[in-house]
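The account follows the structure shown below.

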Amino acid sequence: MTRTEIKSLLQTDPQEQDVLVKGWVRTFRANRFIALNDGSTLNNLQVVVDFEQYDESLLRRITTSAALSVRGKLVPSQGSGQAVEVLAEEIEVLGDADPAVYPIQPKKHSLEFLREKAHLRMRTNTFGAVFRVRHALAFAIHQYFHDRGFFYLHTPIITGSDAEGAGEMFRVSTLPMGDPPRTEAGEIDWKEDFFGKETNLTVSGQLEAEVGAMSLGKVYTFGPTFRAENSNTTRHLAEFWMIEPEMAFYDIHDNMDLAEDFLREIIRFALTHCPDDLQYLHDRIAQEEKNLPQAQRRPMPLLDTLQFILDNGFARITYTEAIERLQRSKPYKKGKFQYPVEWGRDLQSEHERYLVEKDFQTPVIVTGYPKDIKAFYMKLNDDNKTVAAMDILFPGIGEVVGGSQREERLDVLQARMAEMEVPEHDLWWYLELRKFGTAPHAGFGLGFERIIQFVTGMTNIRDVIAFPRFPKSAEF
RNA sequence: UCCUCAGUAGCUCAGUUGGUUAGAGCGGGUGACUGUUAAUCACUAGGUCGUAGGUUCGAGUCCUACCUGAGGAGCCA
């Protein structure tokens, strides 16, 4: 007899058919009712046990998180909490879970506690929901790009250029750490290393994605990204997943249009494919916030926030306009901002939050940043002062997308690299893209975990990746 | 890395201006009950109060350092 998944059984018309289910016990109530979950859905299947027909020794092994195989009949439920249930005829305990030491109880646990039990937390409703939504978003991303003629490009994890300028990198080396080969000058001789040069884990696939775009037209990457920053915040990881589309013949406006449409469509996908999980997360947050003062609650419940994104356009302003708006703002005039607001300085978290959460109350796309605070590869605007960069800011999590039109003019790019002291020799291939058939092109990077945070309402990024990597932590 | 807050039973937490034997709910064990929805009832075990020093007649409570966690900042996606 073949097993049926619980998601499918819950949608089946119950006609006393024989079924086989397998899953993990969530609760065992009244020595009669097993709430069984197999991960296929948030919802549990109720298995009804006639305890007089089973050995006491078997019933005692039906404990929270024990793995069971149950054969029985699918019938309409007599109780009011569920439509169908299975009358058990044969129960096998596939794996015991000793309740004296099993740490996850059928009650509310703190997310901090569950973070320390990363190998078991996916068995909870909350993390089950988060990871099903995570899958849906990943799938939606591939589908979105595939449907629009993009090619999925796998860019390298190990990279030889340290010129990307996106932060501290993790070194990749097979040299003996205690006694590495030295040059005559006494420095570590990287020529002796595995790749014959210094290599690191990638901090971005963008430069390689540009190669793809300038050949295949439209590509995207979706892979792990590594930053060795000593960041300890609710929105940074040392290992995270990033999506980086790159398009030939797109300018900054095409880029913005794509990014906005893309974000809206993947959120729409999650809403249509994960209604149960999102409703659960919505209710959970609402419950959680009941005890908080108004000021600490979300401005809008989770599902309303997501719907709002679908129904409303993102605001679009230039960096210069953003500075002007901030300088006219109440918190600025009252001296509430901790950091100065003046043209040429980067926007701080407090400024971004004001724009997104107070001023516009929608996602905001900011363009035209001063060239001095942005990367060397961004296209220099005609004013010679700003670059064609765009950041998309979301309520609660800040920057979700960072992108730009790329500098396609060889001489301008070289001048910018010289200005910012980016060595040309590591990026000779990148420069040749501008030598042979250069053309306007653009792209952006989306932090995958950040968009999952936004969609699930999880406030700590460590709770939307299965095995988070952050300073002093690689336990699982 | 910086700032702020926290660390008491397996989990979530209470513990008064420093004062005798540190409590509750859940979870565990034993028993009862049985169409439940985080089932219910009775009994019961369980704590070097994060660690190390210090102040004091006396420290869970005050002080110092360290460790761990959380929130915020910087860096960014």
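## Residues with positive phi

Alanine 30 has a relative accessible area of 61% and is therefore exposed, since the limit for that class is over 50%. In this predicted model, alanine 30 belongs to the loop that links strand S1 (17-29) with strand S2 (33-37). Although alanine 30 is not a glycine, its phi is positive, at about 55 degrees.

Phenylalanine 249 likewise is not a glycine, yet its phi is positive, at about 65 degrees. The loop that holds phenylalanine 249 runs between strand S11 (239-248) and helix H6 (252-273). With a relative accessible area of 64%, phenylalanine 249 is exposed.

## Overall architecture

Chain A contains 14 helices and 16 strands. Its C-alpha trace extends over about 85 × 60 × 45 Å along the principal axes. Of the 476 residues in chain A, 49% are buried. Among contacts in chain A with a separation of 6 or more, 67% are between residues 24 or more positions apart.

## The eight-strand sheet

Eight strands form an open sheet with mixed pairing, in the order S6-S10-S11-S16-S15-S14-S13-S12. Its edges are strand S6 (151-152) and strand S12 (315-318), each of which pairs on one side only.

Eight of the ten residues of S11 are buried, so the strand is mostly covered, buried being under 20% relative accessible area. Strand S10 (residues 218-226) pairs with S11 in the antiparallel sense over nine bridges. One bridge sets proline 224 against tryptophan 241 in S11. On the S16 side, five bridges connect S11 to strand S16 (residues 441-447), and these two strands also run antiparallel. Methionine 247 has alanine 442 in S16 as its bridge partner, while methionine 242 has glycine 447 in S16 as its partner.

## The three-strand sheet

Another open sheet has three strands in the order S7-S9-S8, with antiparallel pairing. Strand S7 (158-159) and strand S8 (171-172) are its edge strands, and each pairs on one side only. Two bridges connect S7 to strand S9 (residues 199-201), the two strands running antiparallel. In this part of the structure, threonine 159 is placed opposite asparagine 200 in S9.

## Aromatic pairs

The count of aromatic pairs comes to 20. One of them is formed by tyrosine 144 and phenylalanine 262, whose ring centres are 5.2 Å apart; their planes are at 65 degrees, so the pair is edge-to-face. Because tyrosine 144 lies in helix H4 (residues 125-147) and phenylalanine 262 in helix H6, the pair ties together parts that are 118 residues apart in sequence. Tyrosine 144 and phenylalanine 262 are both buried.

A further pair consists of phenylalanine 222 and tryptophan 241, with ring centres 6.2 Å apart and planes at 75 degrees, so this pair is edge-to-face. Phenylalanine 222 lies in strand S10 and tryptophan 241 in strand S11, so the pair ties together parts that are 19 residues apart in sequence. The two residues fall in separate accessibility classes: phenylalanine 222 counts as buried at 8% relative accessibility, whereas tryptophan 241 counts as partly exposed at 30%. Tryptophan 241 is also the bridge partner of proline 224.

## The aromatic cluster

Tyr144, Phe145, Phe150, Tyr152, Tyr220, Phe262 and Phe444 form one aromatic cluster.

Definitions and conventions
Residues are numbered from 1 along each chain as its sequence is written. Chains are lettered from A and ligands numbered from 1 in the order in which they are written. This is a predicted model: local features need pLDDT of at least 70, side-chain atom pairs count only at pLDDT 80 or more; totals for chains, interfaces and linings use all residues. Side-chain values use heavy atoms; hydrogens and water are left out. Helices (H or I, at least four residues) and strands (E, at least two) are DSSP runs, numbered from the N terminus. Buried means under 20% relative accessible area, exposed over 50%, partly exposed in between (1.4 Å probe, protein chains only). Contact means heavy atoms within 4.5 Å. Two strands pair if DSSP finds at least two bridges between them. Rings of Phe, Tyr and Trp (its six-membered ring) pair if their centres lie within 6.5 Å; planes under 30 degrees apart count as stacked, over 60 as edge-to-face and the rest as tilted.
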